[in-house]
Amino acid sequence: MKRFKNRIVLITGAGSGIGQATVARILSEGGTVLAGDISEAGLEVTRSQAEHAGHADRLTTFFVDISDEDSVRKTVGDAIKAAGSLDVLVNAAGILRSEHTHKTTLEFWNRMLAINLTGTFLVTRECLPELLRSGRGAVVNFSSTSASFAHPYMAAYAATKGGIQAFTHAIALEYAKQGLRAVSVCPGSIQSGMTNDPGLPADADLMLFAKMSPALLGGGFAGPENVASAIAMFASDDGKFITGTELRIDGGMHM
Ligand SMILES: NC(=O)c1ccc[n+]([C@@H]2O[C@H](COP(=O)([O-])OP(=O)(O)OC[C@H]3O[C@@H](n4cnc5c(N)ncnc54)[C@H](O)[C@@H]3O)[C@@H](O)[C@H]2O)c1
């Protein structure tokens with residue numbers, strides 16, 4: 001399948017987990033990828049994986065801090081300018097931190113918003129002119145099962161992910177007549193940097209997680225390629241009648 005031949009896809013959070021798996025998936029389907037992350041070491045791994053697969057000629061990596069307006073303006077803007085156009089944006093960059101809500105500092109809260117929610121806005125704003133020029137632009141934002149189902153100790157994280165869903169609905173309608181589609185994916189229980197260490201408080205009551213069904217599809221955590229495949233479907237012409245909605249990818253944990 002070469003659904004992304006002659007298409008340019010910008011992916012943030014491309015140095016680890018789901019973003020990194022999405023880079024590999026889009027490259028394998030013939031796309032050109034602009035891969036950004038705050039982790040230079042992570043981007044090195046992404047690049048060596050592409051070299052190993054023989055796709056490195058269609059990959060550009062760049063450092064970006066999505067919470068920093070100047071960084072986004074410069075690095076995302078330069079990457080798009082060098083590529084000449086843009087068809088798809090995948091906003092995978094994000095952080096997960098857990099804490100009792102009554103112990104959550106304003107600094108913690110603001111950091112979570114700055115990266116997950118404001119970062120998604122800043123990168124989307126930078127990319128929109130070229131996505132609209134494309135006439136078939138697609139935006140994949142990263143919400144979470146925590147946006148719609150109660151996840152204890154993650155109130156700040158969940159609030160950012162709920163905000164991303166609302167933001168995504170708004171842009172889906174605002175730009176629909178210009179051919180733009182926008183969805184949120186809601187992953188859950190996917191192996192990645194952040195789920196290796198969700199950083200739950202030491203005294204967390206694990207019984208509060210008992211209401212989630214055990215994962216039905218094979219049990220346990222799934223690999224990030226299971227989200228990358230859904231993103232590729234949505235962002236390609238196979239998803240051309242899908243916009244303004246969410247796709248939950250969690251093995252049935254939240255049925
Ligand atoms: N893994 C899951 O089960 C799960 C569940 C729900 C939502 N998500 C969402 O999926 C997305 C991808 O996360 P993942 O699970 O692959 O985790 P991950 O930690 O493996 O990847 C996140 C990436 O974002 C990058 N990043 C963090 N802050 C950044 C910044 N300021 N600027 C640029 N890059 C930055 C990190 O360096 C990292 O490479 C996130 O938005 C996350 O909230 C994941």
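## Elements and model

Helices (H or I, at least four residues) and strands (E, at least two) are DSSP runs, numbered from the N terminus. Under that numbering, Y153 is placed in the loop between strand 5 and helix 5. The model described here is predicted. The report starts with the ligand site and then turns to individual residues.

## Ligand shell

The ligand sits in the largest pocket. It is surrounded by 29 residues, and the closest of these are S16, I18, D37, Y157 and S192. By residue class, the shell around the ligand contains 13 nonpolar, 13 polar and 3 charged residues.

Helix 1 (17–28), helix 5 (155–174) and helix 6 (193–196) each contribute at least two residues to this shell. The largest share comes from helix 6, with 3 residues.

## Polar atoms around the ligand

The side chain of S16 places an N or O atom 2.5 Å from an oxygen atom of the ligand.

S143 is located in the loop between strand 5 (138–142) and helix 5. Because its relative accessibility is 2%, and the limit for a buried residue is under 20%, S143 counts as buried.

The side chain of S143 has a polar contact with the side chain of Q165, at 3.1 Å. A polar atom of the S143 side chain also lies 3.0 Å from the backbone oxygen of K161.

Across the sequence, Y153 and R97 are 56 residues apart, while their C-alpha atoms are 8.7 Å apart in space.

The phi angle of Y153 is near 70 degrees, a positive value in a residue other than glycine. Most residues other than glycine have a negative phi.

Is N6 buried or exposed? Its relative accessible area is 66%, and the threshold for exposed is over 50%, so N6 is exposed.

## L86 between helix 3 and strand 4

L86 is part of the loop between helix 3 (69–83) and strand 4 (88–91). With a relative accessible area of 0%, L86 is buried. How far apart are L86 and V33 in sequence and in space? The separation is 53 residues in sequence and 9.7 Å in space, taken from C-alpha to C-alpha.

## I249 in strand 7

Strand 7 covers residues 245–249 and includes I249. I249 has a relative accessible area of 15%, and buried means under 20%, so this residue is buried. I249 and E44 are 205 residues apart along the chain, and 28 Å separates their C-alpha atoms.

Notes: Residues numbered from 1 in each chain as written. Predicted model: local features only at pLDDT ≥ 70, side-chain atom pairs only at ≥ 80, totals over all residues. Heavy atoms only, no water. Near = heavy atom within 4 Å. Polar contact = N/O pair within 3.5 Å; in protein donor to acceptor, adjacent residues only side chain to side chain. 1 Å grid on protein atoms, 1.4 Å probe; cavity = no way out; pocket = protein on both sides within 12 Å on 5 of 7 lines; lining within 4 Å. Sits in = over half its atoms within 2 Å of the grid points. Nonpolar A, V, L, I, M, F, W, Y, C, P; charged D, E, K, R; others polar. Buried < 20%, exposed > 50% of the residue type's maximum accessible area, 1.4 Å probe, protein only.
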